[in-house]
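Hello,

Here is the structure for your review. My notes follow below it.

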Amino acid sequence: MILDVKNVSKRFGGLWAVKNVSFSIAENEIIGLIGPNGAGKTTLFNLISGYFPPNEGQVLLNGEVISNLPAHKICQKGLARTFQLVRPFPDLTVLDNVAVGSLARYPRLPEALKKAEEILEFVELDKGKKRFGSELTIAERKRLELARALATEPKVLMLDEVMAGLNNTEVNEMLKIIRAIQKKNITLVVIEHIMAVIMSVSDRIVVMNEGEKIADGIPKDVANDPTVIKAYLGEEELDLA
Amino acid sequence: MNEFIQVIVSGILIGGIYVVVAMGLSLMFGVTKIINFAHGEFLMLGMYAAYFIYKFLGIEPYTAIFIITPLFIVIGMIIYKLVINPIVDRKHEIQIFATLGLSIVFQNMALFLWSADFRTVNLSYSTATVSFGDITISLARLIAFLAAAVITAAMLLLLKYTYVGKALRAVSQQNTAAELMGIKVKRIYLIAFSIGIALAGIAGALLMPVFYAFPTVGAYFSLAAFVVVVMGGMGDVTGALIAGLIIGIVESLSGFYVAAELKEAIYFVLFIIILFIKPNGLFARKEAK
Amino acid sequence: MEFLKQRGKSFPMVAFFAVMIILSFIIKNGFYQHIFILTLFYAGMSSAWNIVGGYAGQLSLGHAAYMGIGAYTATLLYLKMGVSPWIGIIAAIIIAAAVSALISYPSFKLHGTFFAMSTLAFGEVMRIIANYWRGLTNGSVGLSIPFKPSLAHLMFEERVGYVYFAMIFLAVVLVISSRIKESRAGYYLNAIRENEIAARSLGINTSLYKLYASVISASLAAVGGVFYAFYILYIDPSGLMDSAISIQFTLMAIIGGLGTLWGPVVGAILIIPLSEFMRAWLGGVGQGLHLVIYGLIMVVVVIVSPGGLINGYKVIIRKIKKIKA
Ligand SMILES: Nc1ncnc2c1ncn2[C@@H]1O[C@H](COP(=O)(O)OP(=O)(O)OP(=O)(O)O)[C@@H](O)[C@H]1O
Ligand SMILES: [Mg+2]
């Protein structure tokens, strides 16, 4: 198992944003992480990536405990993530944005820049690489965010809603990129709201609701799981109100 | 022991004025998220205003508040339109330097127009004292404190019960949400800024009978106000109330028991310590989204 | 090819100092020479500040304290123990580096305006201490250095000696700055400035890099302080460590272009001569008038040209290129 999440919990004041969640990921799998708004998906990413430590439980990367490490160490160990609200470096060029990522593996700048170019080509963002982060469209920002994380050459890459706010063509392009990343022997955890999309790309799906894991299995089974349907229906009722 | 109480009491009296200065600063920060580095200079201008009103019109500073308040609201509106409005959404270095620039302008304008001389007003009761048991208090300071208390109370009532007050609080909590509720955020910024400036001017008037005016007097008081605001919780007007009194007492104690010269240093150290203990102030729910 | 690129990069630097050397032969008038020296000195100080303030985006408003530490260290060693200011420079660097490490580590927990306020307070505390510690610093009376010209004493018979020393100081700061800028550290500092959380998620030990920037910046500022003391030959807390001086370092970088290599230099070239001439012209009209104008310019420039002049120029170049393409 490349990533083991063992009984992690995180509390904000009186609210358990993540409650006793466990799952494991095998190398080179694509895991879809879904759940209604506020289910705790982003918080789980924050826990795994070392943004804050869990109140309880442990995270292991390749058998090594990482849940007591600071975020930058976790990245150096080979786990990268993107942010739901993208955080490009606005006053750096697209190329420099990505180069910051590659510098984690290639300390010498010329090499890092070369690697950054390769990554940009890979995500098809190489045109206009001299533009500033602040000049990009939403779709481009999401892609830049992904490129930058990818540039740190992770073994596990966690994507937080990289397809939210994209149109159909853009979603399809992003799916293509995600599949290509998998071919590079990178394990992926993907948070996504669009059901059809996540079903098509994931090997396995983990479902969260109100901080807890409520289902874990292959897409077909999860889609027919009554608890999952209930959790989502609950949300729809809320949406109508 | 009596000496100690005496020191505490005079600390509380001066603290009352700090509360007024700090409330203005805190309100501005809470609503616009801009720290006004020129706040002390408005206090300085308030002192000069009170001085000249007394000199030329013979109106006592405490009465002059009724002239100074509308005057400073207008000044605040003008400054807001000219300087603050263009920078509200800018990077913090821009905000810092725009307001720092203002403070340089006002300080030196005062120096140019009114020279570096110390100015005082001598009221009939300037040297009068009142005694409670063993403690003696300067009457002028007591009046200044009471006036400060009235103004503070008025301010708190305004924030709590009026529509403007509610809007101010809504914007200071979350301006996007407030915008959705139909509050004109920029209008509220203007109001907060003008009220803040007026409070600084009023504090200047309150101080005039017990202190002296000179061009850089504002730096001295704005420092205290910064400490108070940070201590009270950035943008928290009620917090400023308690913190203001505490800082008054700290100042009084350190001036008496340590060394008057080091009073400022003690402030600053306290300030740094508070900043460290309460790092982000009001800023940002720390959340990686 | 690679070699030519390298050469191309250092061209502006070579050209700039060639012009400065030519100027050093042309400018003979004492007042102009003084302005020239101050400009070079402030350009160096502002560039030193820029490493932590511009590259790393940590808006320190207390850098005059490091200048003061440098000036007092070297002056006291020289006056009390006869130690050459060249050794004094090393002592100054060590002390400034230690103080900045001690101060920065906790203060980097603060962000934006709060960080700026805490550094402002730090600078003021240092000034008050210098004022109060009379036994060591002679308080507000200050310390005078007797003029004994010799290279070992870092004092020059001819003013032009100071011109060259200031030039070397600026050159050292600029070379270090450009080395940092074109390296992993420079990229990491920029990333920290732009978004610290994202920076951490990309494997950057943000505290360590901020500390590194702060220590280098403070050390260079301390070197500047030594130069200043042995040029002016008199130091006192309010002339050396006033917050207005810290603000000036920052302002020059902001006006020229925060976080750019040449921004602080451009800022100094504009501001120092301007304020010195204004002081000379308007000083007679009345106290403070030149500073009123200085403040007004500061407000207007900061509001109108938020990215600084260097960036403004870059934006224009980019627009022209776009139109051509
Ligand atoms: N830093 C924080 N402080 C307090 N509460 C938080 C914090 N971060 C998240 N929460 C709360 O924790 C819960 C889970 O939030 P989280 O962002 O993890 O949900 P999510 O599943 O990612 O939702 P979405 O689909 O909307 O992104 C929510 O109720 C949220 O308000
Ligand atoms: Mg989320």
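How many positive and negative side chains does chain A have, and how far apart do the centres of the two sets lie? Chain A has 30 positive and 32 negative side chains, with the two centres 5 Å apart. Lys and Arg count as positive, Asp and Glu as negative; His and the chain ends are not counted. Each charge is placed at NZ of Lys, CZ of Arg, CG of Asp or CD of Glu.

This is a predicted model: local features need pLDDT of at least 70, side-chain atom pairs count only at pLDDT 80 or more, and totals for chains, interfaces and linings use all residues. Residues are numbered from 1 along each chain as its sequence is written, chains are lettered from A and ligands numbered from 1 in the order in which they are written, and side-chain values use heavy atoms, without hydrogens and water.

Overall shape first. The C-alpha atoms of chain A fill a box of roughly 50 × 40 × 35 Å along the principal axes. Of the 241 residues in chain A, 55% are buried (under 20% relative accessible area, 1.4 Å probe, protein chains only).

Now the core. The largest nonpolar core has 302 residues (buried Ala, Val, Leu, Ile, Met, Phe, Trp, Tyr and Cys joined through side-chain atoms within 4.5 Å). L44(A), F97(B) and L206(B) have the most contacts inside this core. Beyond its neighbours within four places in sequence, L206(B) is in contact (heavy atoms within 4.5 Å) with residues including I17(B), Y62(B) and I151(B). Another core, of 5 residues, lies apart from the largest one; V9(B) and L142(B) are among its members.

In chain A, 65% of contacts between residues at least 6 apart in sequence join residues at least 24 apart.

Best wishes

Note on methods:
Buried < 20%, exposed > 50% of the residue type's maximum accessible area, 1.4 Å probe, protein only.
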